[in-house]
Every structure is written in structure tokens, then in C-alpha cells.
Amino acid sequence: MVACLLIPGFELRAALRTRPRLALVPSALAPEAGGEPLLGPVTAAAEAAGVKPGMRLGEALATCPSLVLVDRDPATVEREWEDVLRRLEDSGFAVEPVEQGAVVFETRGVERLYGGVHPALERALAAVGSAWDPRVGAADRRFTALAAASVARPGQILLVAPAEEQEFLEPLPLSLLPMTPNRYAELEGLGLRSLGDLRRLPGGAVGERLGTDGKQAWRLAQGGRRARVRGRKPTSELVETLTFPEAIANELTLRRALGSLLERLLARPERAGRPFRKLALVARLVDGGSWRRMATLRDATAELTRLRAALGPKLQELPAPIVELRLEAVELAEHTGQQLALVESAGEENVVRLREGLRQVRASTGAGSVCGVVEVAPWSRVPEARALVVPKDV
């Protein structure tokens, strides 16, 4: 079976780890800097006061004047989420993160180890810990497992048998579908309130009216397709940190600090000569928050000048003086060198560039983001059954 472990409001929970008192009062994650003034996840006390996630800041403060805004802390969120994934992997689960707070894995490989599906899922909950209020849903399809985890209570394991999938999905709300707010409003305007209402419509008509997004939502309302869970590759543990005796904001000092971190990271023997594919620049702000930016390199490299050029401009995005700067090697390239030919064959340069571009896209957006169409039943009378979209191996 495919299982989904869900931690609702993970970003807020992680930010409150160092301030547990705020978890008991009306609190909400502050809006993103430079974006729309929309709240993030909220605590149970805030929800009881009428504040909801995604509410505009002015409306939320008018509804609950005592609402406390919690600054975003992406560095802590990333660290806590990596810790959750590692604890699951230490228990034997090959995990595929969906987003921060949601991860899927298959139970087939560990059922014999723990004595069945339910004991294996109990082990997954125990590995994460009750402090996060995790919940698990398991089913034959990924979307059904995610829907089951979404309606489960904290600490609950909800199993959905294959024969009960349609009946289980029937009354669930449309908010479980990955659509934009405009699409939700359009569906509600058509009188649709649940997944069952959408499922009963003809697929062709939904695709014609709502486009590709609507057709994908209609497929998910049917239960979605069966897809294998692709366990993530082990992450790199190359990290270098520089702590300052006092807060700094001078660009020249920041660039020198970045150069020092790069030199130390390049000198690490664990790198084994492999070039960097993806790097993360993390800073601890003077007011206690954090800042994090990712950089995916077009061509994997270990040249100091190129790494400086890729990461240096991101220092200008710092919102406040910092007291700590950290550089993380998120992903290393597989190759340690490049074999050159005396005479390149016709078209070989384009193939190499295309392959390198595909690797860059996969490093930036995930392993399943680059897909290709494979014919499986070209003779079928059903158009959807003639071909499948599968992740492309580069």
C-alpha cells in the first residue's frame, strides 16, 4: 500500500519549537515578505477565534486583535523537516517528500519487518514523534492516501481498502485538489461541492470547460493513477558555518564571508572531487528569524569564481543584519570529470547540453518533474489509455 504521513501546519509548528508558549495562544505565521498579506498556518486557539489560514492580515487582526504573528524561519523549518525524513529512513522507509509536512512511502518493503501494514504505520508515527501531531493515511493510490491523511485525527492511522476508495472519496471537499482559488470558485459556481460531484461529470466536458487543470482534478476525483513511490536519494551532509561576534550587514564583509565558506566547502574530503549541483545559503537574522535561498547551477562545477558569481547576488536579498551565515551542499553531481573527444560527432554537443539541462531542472524542481510520453496501448478506444506520462531518466 501507499502511505502518506501528514503534519498540518508544519512550517508554523517548526517555527514555534523554540517558542512553545505561542502554541497555546492565537498565533499565525506571518505573510511572506514582498508578497500578498495572507496569513500562513494558524494555531488551534487562533482558529477557535475565527482566524483561518489564507485570511488577509487586516481581516485577521480585526477578527482577533490579540493575534500574534510568528516570523517565518525557513532555516529551522528545513532542518526540522530533514530530521523527520531521516528518522523515517532510519526506520526502514524509502520516503518521497511531497512538500514540507507531507511525505509518501510504500509499506510493501517493511510489512514483513514489522508484522503487517498497521504495525509498520505505527512505527512510522512513533519515529516522527507525538509532538508533531502526525497522522497517516494508506490506500492503493497516492491521492487517496493523501486524502485519508488529511481527514485523519492526530495520531490516527486511516486505512482505505481498494474496494472502498470511491465511497471514501465521495463526500470529501474539493479543497483537497491542487487547484487555484479561481478554479475552486468556478467549480462552486457550477454547483459542485465534493469530489463525488466532480467525479460524476463526463471527463471530456470537464477538460473542455476547465482545461488541463480541470481534467487532472477530475482524474484525482476518480482516485488518481497508480504510481510507484520513488524514494529520495541520500542528501549531502556538507555544511560550513560562520558565526559573527556582532551583527553585520556590510556587503563587502558578507562577500568575504561567502568566499571563506566556499573555500572551506571545496576543501572538504567528503566531496571526493565531485562538483556542486545545488547549494543553499542560510543566514540567522539579528532579530531571531532566518533566511534561506537555493541556487541550482546550470552546469555542475567546483570552480570558486563560478560559485561566487552564482551565490554572491543572493546576499543582496538579505532583509536584515545577520549573526550567522551557513553554506550547505544540497546536491552533488555524479561525475568527477569530463571526458573530451578529439572530434565531436554530429549533434553530440546538443545532446550533452540537453542532458545537462534536464539534470538542472530535476535538481531544481524534483525527480518527477521531467516526464515523457510512453505509448502503452495505442490500439485502445479510450484516449487516456493509449499513453502514460512517466518520469524521464536522464
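Good morning, colleagues. The model before you is predicted.

I begin with the sheet. How many strands form it, and in what order? The open sheet has 5 strands, arranged as β4-β5-β1-β6-β7, with mixed pairing. At its edges stand β4, residues 95-99, and β7, residues 157-159. Each of these has a single partner strand, so one side of each is left without a neighbour in the sheet. From one strand to the next, the twist averages 20°.

In which sense do β1 and β6 pair? Strand β1, residues 2-6, and β6 are antiparallel, and 5 bridges join them. As one example of such a bridge, L6 has R135 in β6 as its partner.

Two helices deserve mention beside this sheet. Helix α7, residues 142-151, packs on the sheet and touches β1, β4, β5, β6 and β7. The direction of α7 makes about 150° with that of β6. Helix α6, for its part, lies across β1, β5, β6 and β7, and α6 runs at about 150° to β7.

I turn next to the loops. D133 is located in the loop between α6, residues 117-128, and β6, residues 135-139. Its phi is near 55°, a positive value in a residue other than glycine. Is D133 buried, exposed or partly exposed? With a relative accessible area of 29%, D133 is partly exposed, because that value lies between the limits of 20% for buried and 50% for exposed.

A272 is not a glycine, yet its phi is positive, at about 55°. The relative accessibility of A272 is 53%, so this residue counts as exposed. A267 is also found in the loop between α12 and β9, and it is exposed, with a relative accessible area of 60%. How far apart in space are A267 and R359? Their C-alpha atoms are 25 Å apart, and the two residues are separated by 92 residues in sequence.

I close with the cysteines. In general, a disulfide is a covalent bond between the sulfur atoms of two cysteines. A search of the whole structure finds 0 disulfides. Are C4 and C64 buried or exposed? C4 is buried, at a relative accessible area of 0%. C64 likewise counts as buried, because its relative accessibility of 4% is under the 20% limit.

Thank you for your attention.

Note on methods:
Residues are numbered from 1 along each chain as its sequence is written. This is a predicted model: local features need pLDDT of at least 70, side-chain atom pairs count only at pLDDT 80 or more; totals for chains, interfaces and linings use all residues. Side-chain values use heavy atoms; hydrogens and water are left out. A disulfide is a pair of cysteine sulfur atoms within 2.5 Å. Buried means under 20% relative accessible area, exposed over 50%, partly exposed in between (1.4 Å probe, protein chains only). Helices (H or I, at least four residues) and strands (E, at least two) are DSSP runs, numbered from the N terminus. Two strands pair if DSSP finds at least two bridges between them. Axes are lines fitted to C-alpha atoms, for helices over the stretch in contact, and angles run from 0 to 180 degrees between N-to-C directions. Contact means heavy atoms within 4.5 Å.
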